[in-house]
Amino acid sequence: MCVLFLSILITGCAVRLVSSYDPMIDKGLTEYYESMDVFLSEMERASANSTAKATFTENVKFYEESGAKIDALVMRARAAEPKANCIGSDVVTSLAGRLLQLKPFITATEDLNIEEIVKGLKSGEEGSCTVQILRAIRANHDLTAAIHKHNDKLSKPVVAIIRPTIEQGVRIGVTTELAKKRGEK
Amino acid sequence: MSIDAEQLFGQMMTAGAQAFGTGWAEVEKFAKLEFKTLAQRIKEIGEGLAKNDFDMPTGKLLMAMQVNTAIAAIAGATTLFQLAVEAAINAVLATIKDAVNTALGVELL
């Protein structure tokens, strides 16, 4: 510990616990949100008009292409911190389970098994916190596709939930990325 | 179906405070905003199911999206906490550097 402390002092280097700001992740997330926002509006409209454009098969390519762009951001984040783990990984896993034990809050519907959903989700795997945030955004992208496939459309009430969910994930990603600027402009 | 968003939000904040311990103060503002938004949306999913706006499988998938977002929120809070720790360490190091250099009269560090 002392050796580490002295070596930091001697080298005069500042300590870095988190990777540097990556403008590509910032830009990539912003562009992803823009494309999803437009896409969801189009799907909502097409669903209301019952046009063929609303169907899942008509939009598979969009899901694949925009999903691949998030994969590229995940790869970039992994490359920036190849050996990093999100310190909160264990916390993330346990807290996610604890936070979403909704049973006491739900009445009249026993079919909605929250524990099953939580157990079924992957969380707390290796990778920095940035990787975990991007993986969560990617997972929500896939879930949007799954909902679209299940209903073969994205109706207005469904989009009313999906849109702010995607927006929140992207906002978390952009907020943390901007915080990495550490006061720089 | 009825979900008490305020109660859920309170439980999220309590769980967050326990998980982050002394670091909670650094991330509380961020977590408060994100958890409140999540709790409200979970309530809306319950209401959507009750009104038959969507079916149960869709409700489960929408709920899974909220779990993912909760994970992103916690990972985001962890990043902000790490940055706060990093800033504190570097402030201490800078103070030591200044003190040593001043005392010696040369730029040793």
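Colleague: Which residues have the most contacts inside the largest nonpolar core?

Modeller: Happy to start there, keeping in mind that this is a predicted model. The largest nonpolar core has 57 residues. Those with the most contacts inside this core are A:Ile133, B:Ala72 and B:Ala73.

Colleague: Which element gives the most residues to this core?

Modeller: Chain A gives two or more residues from each of α2 (23-48), α3 (60-80), α6 (129-151) and α7 (156-179). The element that gives the most, with 15 residues, is α3(B).

Colleague: Which residue of chain A does B:Ala73 touch, leaving out residues up to four places away in sequence?

Modeller: A contact here needs C-beta atoms within 7 Å. Within chain B, B:Ala73 touches B:Ala31, B:Glu34, B:Phe35 and B:Leu38. From chain A, the residue that B:Ala73 touches is A:Ile172.

Colleague: Nice. How many helices and strands are there in chain B?

Modeller: From the N terminus on, the elements of chain B run α-α-α. That makes the count 3 helices and 0 strands.

Colleague: What is the radius of gyration of chain B, and is the chain compact or spread out?

Modeller: The C-alpha atoms of chain B fill a box of roughly 75 × 20 × 15 Å along the principal axes. For 109 residues the globule rule gives 13 Å, and chain B is well over that, so it is more spread out than a compact globule, with a radius of gyration of 22 Å.

Colleague: And what percentage of the residues in chain B are buried?

Modeller: Buried means 20 or more other C-beta atoms within 10 Å of a residue's own. Of the 109 residues in chain B, the buried ones make up 41%.

Definitions and conventions
Residues numbered from 1 in each chain as written. Chains lettered and ligands numbered in written order. Predicted model: local features only at pLDDT ≥ 70, side-chain atom pairs only at ≥ 80, totals over all residues. Core = buried A, V, L, I, M, F, W, Y, C linked by C-beta atoms within 7 Å. Buried ≥ 20, exposed ≤ 12 C-beta atoms within 10 Å, placed from the backbone. Helix = DSSP H or I, 4+ residues; strand = E, 2+ residues; numbered from the N terminus. Contact = placed C-beta atoms within 7 Å. Rg over C-alpha atoms; globule rule 2.2 N^0.38 Å.
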